[in-house]
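Okay, thanks for coming, everyone.

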Amino acid sequence: MKDSLRANFKRGSMAGVASVGAAALLLTGCGAAPDAGSSATKTATHYTGCIVSDSGGFDDQSFNQSSYDGLKKSEKDLGITVKSAESKANSDFETNLNGMMSAGCDLTVTVGFLLGDATKAAAEKNPDKHFAIIDFGYSPAIANVKPVIYDTAQAAYLAGYAAAATTKTGKVGTFGGIKIPTVTIFMDGFYDGVQAYNKAKSKTVQVIGWDKTTQDGSFTGDFEKQDTGKQVTKNLLDQGADIVMPVAGPVGKGAGAALNEAKAAGKDVKLIWVDSDGFLTAPEYKGIMLTSVIKKMDEAVQVVVKDDSEGKFSNEAYVGTLKNDGVALAPFHDLDSAVSAETKSELDVLKADIMSGKLVVKSEASPK
C-alpha cells in the first residue's frame with residue numbers, strides 16, 4: 001500500500017451527518033477528531049477483520065464489492081482472519097453487526113451511507129471495538145469509528161465533460177438509486193462537467209435525469225431492482241440520451257442491459273460506471289463502457305486494516321480526492337478512440353486545476 005495514501009488517512013478532514021432518515025442530509029465539516037487511542041498491536045494470525053454490506057451485496061460490481069476486495073487483499077497480504085455478513089435488506093444491518101461483535105471482530109467495516117445509524121449504535125454499545133464506515137461521516141466524531149468518504153463530484157465532473165464532448169445526440173443522462181448525498185454528489189459533478197463543456201465550446205448539451213439547481217431528478221428508489229434501472233435507462237434513451245451514468249449500485253446492471261440491447265439494435269450508445277472501473281468489474285458491458293468514476297475503496301480498506309492491526313487506529317476521517325488519488329476517472333479502454341485527443345488534453349488540464357484548487361467543484365453533498 002502506498003505511503004502517500006496512509007499519510008492522507010492521517011490528514012483527512014471530517015464530514016458529518018446527523019441521521020440516515022432524511023434524504024437531503026449534507027456532509028458538514030468539523031475540526032480534527034480527537035485520538036481514539038491505539039489498541040495494542042496484534043499479530044496478523046490473531047487479528048480478525050470483518051465487513052457488513054448494505055443490501056446490494058458483495059457481488060454488486062460496485063462499492064460493496066470494492067470494499068470487500070480490499071478486505072480480502074488484507075487477508076492475503078497480512079494473513080488476518082476475515083469474516084463477512086451480507087445484508088439482504090436494511091433490516092439486516094443491526095443483526096449482522098451484532099453477529100460481527102459476537103464473532104470477535106477487531107475491526108468491522110460497514111459499507112454505505114445507509115449503515116450510518118446502525119454503525120453508530122453498534123460502536124456506542126461496543127466501545128472496545130473499532131469500526132470503519134464507507135461513505136458516511138459523523139459530527140461529532142465517534143471515538144471508535146473511522147469514516148472513509150469521497151469527494152466524488154471531482155471525478156464525476158471529468159466524466160460529465162467527457163460525456164458532453166462525446167455525445168452524438170447532444171443529450172446525456174443520469175439517474176440514481178436512492179436520493180442520498182453519496183448518490184447526488186456524483187450527479188452534481190456530472191451535471192457541472194457538462195455545463196463546463198457547454199461554456200467552453202458554446203454548446204448546448206443537455207443533461208436528462210438530474211437538475212443540480214433544483215436537486216431534482218430520476219431515482220429508482222432502491223439499489224436492488226435491476227428491471228427498474230433498465231426501464232429508467234430506456235426512458236432516458238427515448239428522450240434522446242446516448243450516454244447514461246447510473247449511480248445505483250447493482251441497479252446499474254439494468255442500465256447496462258438496456259444499453260447493450262440498444263447497441264444490438266444499431267444505436268451508438270455508451271455507459272459510464274461508478275465506484276469501480278466497470279471495464280474490469282462489469283466486463284459484460286465492456287463494449288459500451290466509456291469510462292468510470294472510481295472511488296478507491298479497496299485501497300482505503302487495506303490501509304485502515306493494516307493501521308489498526310499495527311495499533312495505529314485513528315477516527316480521523318479519510319476524504320478521497322483527485323489530489324490524493326482517492327477518486328479518479330477510469331481509462332477509456334476499448335472506447336479510447338471515441339474520445340478526441342483534444343478532449344483528453346482538456347481533461348488533463350481540468351484535473352490539474354481541480355487538484356491545485358484553481359477549479360473548485362461544488363456539491364451540496366461534498367465533504368466540507
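Before we look at what covers what, one cut-off: when I say contact, I mean heavy atoms within 4.5 Å. And buried, for me, is under 20% relative accessible area. Also keep in mind that this is a predicted model.

So, the overview. The protein has 11 helices and 16 strands. Of its 368 residues, 59% are buried. If you take the contacts with a separation of 6 or more, 72% of them are between residues 24 or more positions apart.

Now to helix H8, residues 252-264. Its 13 residues span 18 Å from the first C-alpha to the last, close to the 18 Å expected at 1.5 Å a residue. The buried residues here are Gly252, Lys253, Gly254, Ala255, Gly256, Ala258, Leu259 and Ala262. What covers them? Among others, strands E8, E12 and E13, plus helix H7. Just after H8 you get Gly266, with a positive phi of about 100 degrees.

That brings me to H7, residues 226-238. H7 has 13 residues as well, and reaches 18 Å end to end by C-alpha, again close to the 18 Å expected. Which residues of H7 are buried? They're Gly229, Val232, Thr233, Leu236 and Leu237. Looking down the axis of H7, these fall within an arc of 145 degrees, so they line one face of the helix. Turn to the face pointing away from that buried side and you find the exposed residues Asp227 and Asp238. The buried residues of H7 pack against strands E8 (171-176), E9 (206-208) and E12 (243-247), and against H8. H7 is followed by Gly240, which has a positive phi near 110 degrees.

Next, a helix pair: H3, residues 93-102, and H4, residues 116-125. Their axes come within 10 Å and cross at roughly 35 degrees, and the crossing is right-handed. On the H3 side you have Phe93, Glu94 and Leu97, which meet Ala118, Thr119, Ala122 and Lys125 in H4. By class, that contact has 4 nonpolar, 1 polar and 2 charged residues.

As a reminder, most residues other than glycine have a negative phi, and most peptide bonds are trans. Where does the loop between strands E6 (130-134) and E7 (145-150) come in? Well, Pro140 lies in that loop, and the peptide bond from Ser139 to Pro140 is cis, with omega near 5 degrees. Asp135 is in the loop between E6 and E7 too. Asp135 isn't a glycine, yet has a positive phi of about 70 degrees. Asp135 is buried, at 7% relative accessible area.

Then there's Asp325, in the loop between strands E15 (318-320) and E16 (327-329). Asp325 also has a positive phi without being a glycine, about 65 degrees this time. Buried or partly exposed? Asp325 is partly exposed, with a relative accessible area of 26%.

Last stop: Lys212, in the loop between strands E10 (210-211) and E11 (216-217). Skipping neighbours within four places in sequence, Lys212 is in contact with Asp188, Tyr191, Asp192 and Lys362. The C-alpha atoms of Lys212 and Ile185 are separated by 9.7 Å, and those two residues are 27 apart along the chain.

That's my tour, over to you.

Methods: Residues are numbered from 1 along each chain as its sequence is written. This is a predicted model: local features need pLDDT of at least 70, side-chain atom pairs count only at pLDDT 80 or more; totals for chains, interfaces and linings use all residues. Side-chain values use heavy atoms; hydrogens and water are left out. Helices (H or I, at least four residues) and strands (E, at least two) are DSSP runs, numbered from the N terminus. The expected span of a helix is 1.5 Å times one less than its number of residues. Buried means under 20% relative accessible area, exposed over 50%, partly exposed in between (1.4 Å probe, protein chains only). The arc is that of the directions from the helix axis to the C-beta atoms. Axes are lines fitted to C-alpha atoms, for helices over the stretch in contact, and angles run from 0 to 180 degrees between N-to-C directions. A crossing is left-handed if the near helix is turned anticlockwise from the far one by less than a right angle, and right-handed if clockwise. Ala, Val, Leu, Ile, Met, Phe, Trp, Tyr, Cys and Pro count as nonpolar, Asp, Glu, Lys and Arg as charged, and the others, Gly among them, as polar.
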